[in-house]
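This report describes a protein model for a reader who is new to structures. Please look at the sequence and the model before reading on.

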Amino acid sequence: MFRSLRLVVFCVAAALQTASSGSANAQDVNAAVEVVRQFIAAHMTHLDTMQGPLLNDARAAAPYVVDALAVDGLQGRLGFDPIYNAQDFEITNLRVYADPRTPILRGAAQVRVTLDNFGARQEFVYALVQVAPDNAWQISDIYSVNNDWSLANMAADLGIDLRRQTGPEVTLDSAGIPIPCAFACGNPTEPGAQESQAPIVVPEPVVVPGMEEGDLPGNGINPDGRNLLVILDASGSMWGQVEGEAKIATAREALTGIMGDLDPATNVGLMAYGHRRKGDCGDTEVLYPVSNYAPGQLIPAIEGISPLGKTPIAGALKQAASAMPASGQSSSVLLISDGLETCGGDPCAAAARLAEAGIDTRVHVVGFDLSAQEHAALQCIAENGNGTYYPANDARSFVAAVNEAVREAAHATPAPAPQPAPSSNAETVFEDTFDGPVLHPDWRVENPVEELMAFTPEGQLFLAALGKEPHFRKPEATNRLILDRPVPKGDFDFVVDFKIDVQTKRELMMLSLFGAAHEQIGAYVWLEPTGCGTQFRFSLIRISGTEDDPQTTSFDTNLLDGPWADNMCGATGRAQGDAILKALGQNGARLALKRRGREMTGSIQLQMPGGGETLSYTTEAISVLRLSGAPSLLGGHGHKAVPGESHFEIDRFAIEVPPQ
């Protein structure tokens with residue numbers, strides 16, 4: 001989503017050497033293509049022969065990927081297969097070819113991969129770099145065009161040090177795996193071109209629903225459908241019988257029937273607890289995250305759930321947030337249980353936190369074969385989760401209750417979209433234009449580093465950020481500006497005009513109502529490099545709870561994937577993204593955090609060069625019943641910051657009150 005379309009090229013110490021120029025010959029490009037071909041083929045072979053995913057085996061992956069990504073258990077830690085963008089797979093129409101527009105970009109190769117998985121088209125961009133001493137190509141990143149993730153960034157999120165010095169890299173050459181000249185010689189292939197290579201043989205798929213690490217969504221999120229997550233009790237008591245049939249059998253039958261009757265637009269997911277380990281209160285599993293799956297895709301997992309262990313309802317509700325998409329769509333959780341919490345948690349409190357985690361999120365509960373007291377105990381989960389409780393004491397009423405709960409979850413009226421504020425002149429109740437030579441006395445600086453803050457001759461506040469410390473979630477963030485002035489009681493706008501000189505490609509500018517690092521609501525822009533270039537992201541986030549257990553609600557948008565530019569992996573989108581990021585450094589942007597009634601939104605505006613188009617975007621709203629804190633500014637780095645220095649210029653901050 002960000003500017004200069006630079007491919008992610010890791011500095012794996014001195015071991016990595018990028019190509020000396022962007023004019024590599026056809027043999028160079030096709031050698032990179034063949035590395036990707038052999039990488040995918042090796043992955044297929046590993047799965048087909050039951051050796052497990054290639055990216056779980058560091059030794060097997062090392063000849064294909066830079067050593068920083070050759071990590072035992074990597075795919076398991078990711079929780080899905082990044083080569084197929086799914087855990088289960090049925091691959092057809094696989095194509096691997098050099099990027100026809102920019103096969104070599106800034107010394108790194110771009111290789112395109114397209115495939116159909118269960119009939120759904122997936123598109124990837126592989127970034128490859130040449131490594132010493134033989135300038136052999138190795139994969140340094142995989143970027144999903146469909147879902148906008150980067151393998152490099154996900155690895156960094158897991159704490160994998162992409163900068164570690166590992167010595168000479170293991171490559172296909174040094175590992176003794178030859179690249180045939182039939183593949184490595186000749187002209188780069190393009191989509192539609194007649195390929196002389198022998199096609200890769202795709203093995204029959206090995207489909208294992210409900211794997212230990214969970215399955216990735218099948219078809220992404222349908223924006224026109226509601227989100228529904230089913231949590232099924234698989235504790236040992238579900239083997240108990242009602243009317244001569246095990247309760248788990250009744251539950252399976254009801255759920256499999258419902259899955260076939262759901263509106264095709266519904267995004268659905270599946271969780272279970274107590275189904276894998278006896279006596280383990282941590283036995284909760286997201287079998288399928290919420291997504292728009294093919295009809296019946298979840299049925300094998302439902303039928304495969306076998307009761308065994310305890311009843312960690314609170315833990316399941318807490319984990320449920322990770323299975324829900326970060327979107328503004330209405331969301332529901334349906335909990336089916338035949339017993340009370342047995343692991344010491346507080347499911348009623350967990351349901352309340354889950355309901356507060358998103359727009360119009362509701363927790364419905366079906367209680368099966370319970371006493372009157374047990375029904376009452378479970379009812380508070382639904383009440384605290386803004387949902388409905390359905391008691392059921394026999395198979396017939398159970399099926400009816402599940403059907404009614406799903407009907408309500410799938411067809412409830414979504415929360416109305418926030419209405420834009422009328423355009424009119426606002427009253428400025430505070431303004432600082434940072435003319436210097438010192439800060440306005442109402443500003444307080446947390447964790448000050450004086451040498452990283454100064455006033456420019458042009459009348460701007462200059463801030464520099466180093467490393468990972470200046471991140472808005474960290475209490476130790478340096479040079480966080482906090483304004484010690486009362487916040488207006490009614491509606492207000494916090495507004496900041498700023499510029500970012502894109503250097504580390506991890507820059508972040510945060511504008512928030514700040515109480516503490518774990519207690520704030522704010523709008524922020526942040527940069528992130530991917531295989532198709534730097535992304536430009538815009539987010540609205542609310543953090544609440546305790547320092548040890550912060551709860552987060554957020555909306556995140558890639559401004560260079562729809563709102564402000566299209567197809568960042570294509571030449572046109574790349575050029576537009578570069579132009580936008582150049583404007584961010586030259587003209588700057590305006591970031592705003594707005595309160596209207598009980599709703600908070602974030603907005604951003606950017607003026608294109610030469611009097612061009614004004615780009616703007618406003619987030620969905622987050623409802624906040626009680627506001628506390630003070631206006632705050634932070635110029636910093638994202639949590640995956642690499643060594644380097646980022647520069648920010650703040651030209652104006654204001655608190656404005658719209659006409660009542």
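Predicted model: local features only at pLDDT ≥ 70, side-chain atom pairs only at ≥ 80, totals over all residues.

**Disulfides**

A disulfide is a covalent bond between the sulfur atoms of two cysteines. This structure holds two disulfides, listed here with their sulfur distances.

| Disulfide | Distance between sulfur atoms |
|---|---|
| Cys281 and Cys343 | 2.2 Å |
| Cys348 and Cys380 | 1.5 Å |

Cys281 is in the loop between strand S10 (267-273) and strand S11 (284-291), while Cys343 is in the loop between strand S12 (331-337) and helix H9 (347-355), so the pair ties together parts 62 residues apart in sequence. Cys281 has a relative accessible area of 36% and is partly exposed. Cys343 is also partly exposed, at 24% relative accessibility.

In soluble globular proteins, nonpolar side chains tend to be buried together. In this model, the largest nonpolar core has 55 residues, and Val36, Phe39, Ile40, Val113, Tyr126, Leu128 and Ile139 have the most contacts inside it. Among the elements that each supply at least two residues of this core are helix H1 (26-48), strand S3 (108-117) and strand S4 (120-131). H1 gives the most, with eleven residues.

Which residues does Val113 contact, leaving aside its neighbours within four places in sequence? They are Val36, Ile40, Leu94, Arg95, Val96, Gln122, Glu123, Phe124 and Tyr126. A second, separate core of 51 residues includes Leu483, Met568, Ala589 and Met600.

Strands of a sheet pair through backbone hydrogen bonds, either parallel or antiparallel. Here six strands form an open sheet with mixed pairing, in the order S11-S10-S7-S12-S13-S14. S11 and strand S14 (389-392) are the edge strands, each pairing on one side only. From one strand to the next, the twist averages 15°.

S10 and S11 are antiparallel and pair over five bridges. Leu270 has Tyr288, in S11, as its bridge partner.

Two helices pack on this sheet. Helix H6 (residues 247-261) touches strand S7 (227-233), S10, S12 and strand S13 (361-368), and its direction makes about 165° with that of S7. Helix H8 (residues 313-323) touches S7, S10, S11, S12 and S13, and its direction makes about 35° with that of S11.

Definitions and conventions:
Residues numbered from 1 in each chain as written. Heavy atoms only, no water. Disulfide = S-S within 2.5 Å. Helix = DSSP H or I, 4+ residues; strand = E, 2+ residues; numbered from the N terminus. Buried < 20%, exposed > 50% of the residue type's maximum accessible area, 1.4 Å probe, protein only. Core = buried A, V, L, I, M, F, W, Y, C linked by side-chain atoms within 4.5 Å. Contact = heavy atoms within 4.5 Å. Pairing = 2+ DSSP bridges. Axes fitted to C-alpha atoms, helices over the stretch in contact; angles between N-to-C directions.
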